[in-house]
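Hello,

Here is the structure I promised to pass on to you. Please open it first, and then read my notes alongside it.

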Amino acid sequence: MNARTRTLVAATVLLGIVSGSAVAHAAPRGPVPPSGSVSLSVASGSGPGSVSAGVAAPVFSTAPDAEALTKALEGVGVGNADATAALIRVGGSSGSWRGASGVADLVGGRPALEQGRFRAGSVTKTFTAAVVLQLAAEGKVDLDGPVQRYLPGTFPDRFPSVSVRELLNHTSGIKPADGPGDAFEAQWDHRFDVVDPHDQIANALAKGPEFDPGSAQHYLNINYTVLGVLIEKLTGTAYEEQVDRRILRPLGLCQTSFPGRTRTRIPGPYNHGYQAVPRPDGSTELRDVSVWNTSDRWAAGDIISTTADLERFTVALFGGRVVPRAQLEEMFTVPAVKDVESGKDAALTAGLSRIVMPDGTEVWGKTGSRFGYSTGMGGTRDLSRTLVYSVNSTDAKGKGMNPVVGKLLAAALTRPRP
């Protein structure tokens with residue numbers, strides 16, 4: 001199942017989103033979880049999130065449903081076929097709640113680390129988009145200008161003009177670069193490969209366009225690989241340095257980092273990720289996939305973070321403290337085109353997705369997945385409800401939504417009936 005289909009499934013069912021601000025007090029121990037689950041810890045608070053000016057009434061006006069959220073975390077851990085650990089932070093002006101369940105590793109059985117780091121996958125794209133929009137606000141790049149203007153010699157002469165905005169909202173028409181394929185074993189065999197983004201771009205562009213730029217939407221990493229190179233060209237410094245200087249340091253996101261091209265381990269404490277792999281005898285192996293080279297994802301999907309950091313980032317972003325408000329509208333503007341795979345109306349923006357919940361609630365955010373890790377962040381635009389989650393999924397790249405993720409999202413984003 002390709003990345004675009006997985007994103008559509010996640011966005012259609014429910015989304016992961018982020019909280020107002022970190023809960024200050026230590027999480028008290030919750031009730032002893034049922035067999036197969038370890039260390040269920042929760043904390044709640046008043047949630048000092050902010051509400052955008054001009055909003056008559058918040059989308060969420062009641063506190064998160066602690067009972068439903070606690071129940072959603074139960075059973076995660078040893079013996080659970082879907083997830084070995086789960087972390088969640090719910091917040092916003094309506095209140096806050098956080099919890100953790102499961103194990104940090106299957107060998108030692110240590111309780112899941114609430115502040116454990118994880119691979120956040122395509123959540124990286126939101127950071128990349130924010131930097132590009134900052135550069136646009138500074139007059140260093142024109143979103144309507146062709147990327148060929150800024151990256152001369154990169155695109156073949158025959159390739160049609162692609163605007164920077166079309167890269168941001170996945171309407172560029174650039175085809176994906178070749179790789180080992182979507183199958184787990186194929187990617188496992190190449191997990192230590194070091195991939196150069198320039199080689200990926202050359203490979204993709206040599207294929208010619210998939211469709212006329214701006215005429216359709218197709219979610220592909222290659223768009224953000226090009227944007228990473230664009231950031232480096234415009235600034236004269238490394239992509240990672242720009243994200244660090246413009247976002248991580250100003251917001252105090254001390255637990256967020258990039259692995260670089262050669263580092264394969266997650267720095268600091270983390271919950272191990274596992275992939276369910278069928279054995280010839282019909283049994284299932286849970287293979288530790290925590291150590292991996294993610295240079296093939298780079299500016300599209302290699303960031304490492306925590307739920308607390310992603311919560312802080314989301315609140316600052318939605319509140320206009322990362323991207324100036326004029327450019328921030330790009331993140332809340334869906335192009336009027338169709339998705340090439342589903343045939344449905346586009347849902348992706350510059351770094352985010354728009355999702356309408358079954359009860360009509362509109363939320364915005366970004367999901368991401370790497371083997372062993374499923375991540376989501378976002379919230380209502382008025383910040384009355386935010387959510388961040390990290391679930392150590394045993395099939396993070398599989399079809400459909402992880403059942404644990406679905407339960408968490410339903411518990412966090414369902415408004416109480418009048």
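**Pro250 and its surroundings**

Leaving aside its neighbours within four places in sequence, Pro250 is in contact with Asp244 and Arg245, where contact means heavy atoms within 4.5 Å. Before we go on, please note that this is a predicted model, in which local features need pLDDT of at least 70 and side-chain atom pairs count only at pLDDT 80 or more, while totals for chains, interfaces and linings use all residues. Residues are numbered from 1 along each chain as its sequence is written, and side-chain values use heavy atoms, with hydrogens and water left out.

You will find Pro250 in helix α9 (residues 239–251). Helices (H or I, at least four residues) and strands (E, at least two) are DSSP runs, numbered from the N terminus. Is Pro250 buried or exposed? Its relative accessibility is 55%, so Pro250 counts as exposed. The cut-offs for relative accessible area are under 20% for buried and over 50% for exposed, with partly exposed in between (1.4 Å probe, protein chains only). Pro250 and Arg321 are 71 residues apart along the chain, and their C-alpha atoms are separated by 9.9 Å.

**Strand β2 and its partners**

All 9 of the 9 residues of strand β2 (residues 83–91) are buried, so β2 is largely enclosed by the rest of the structure. Strand β11 (residues 386–393) runs antiparallel to β2 and is joined to it by 7 bridges; two strands pair if DSSP finds at least two bridges between them. Val90 has Leu387 of β11 as its bridge partner. With strand β3 (residues 96–102), β2 pairs in the antiparallel sense over 6 bridges, and there Arg89 stands opposite Arg98. The hairpin of β2 and β3 has 4 residues between the strands, and in it Gly92 takes a positive phi near 115°.

**Two helices side by side**

Helix α2 (residues 66–73) and helix α12 (residues 403–413) have axes that come within 9 Å and cross at roughly 175°. The axes are lines fitted to C-alpha atoms over the stretch in contact, with angles from 0 to 180 degrees between N-to-C directions. That angle makes α2 roughly antiparallel to α12, a label for angles over 145 degrees. The contact is made by Ala68, Leu69, Ala72 and Leu73 of α2 and Val404, Lys407, Leu408, Ala411 and Ala412 of α12.

**The whole chain**

The protein chain holds 12 helices and 11 strands. Of its 418 residues, 57% count as buried.

Best wishes

Terms used
Angles under 35 degrees count as roughly parallel, over 145 as roughly antiparallel, 65 to 115 as roughly perpendicular and the rest as oblique.
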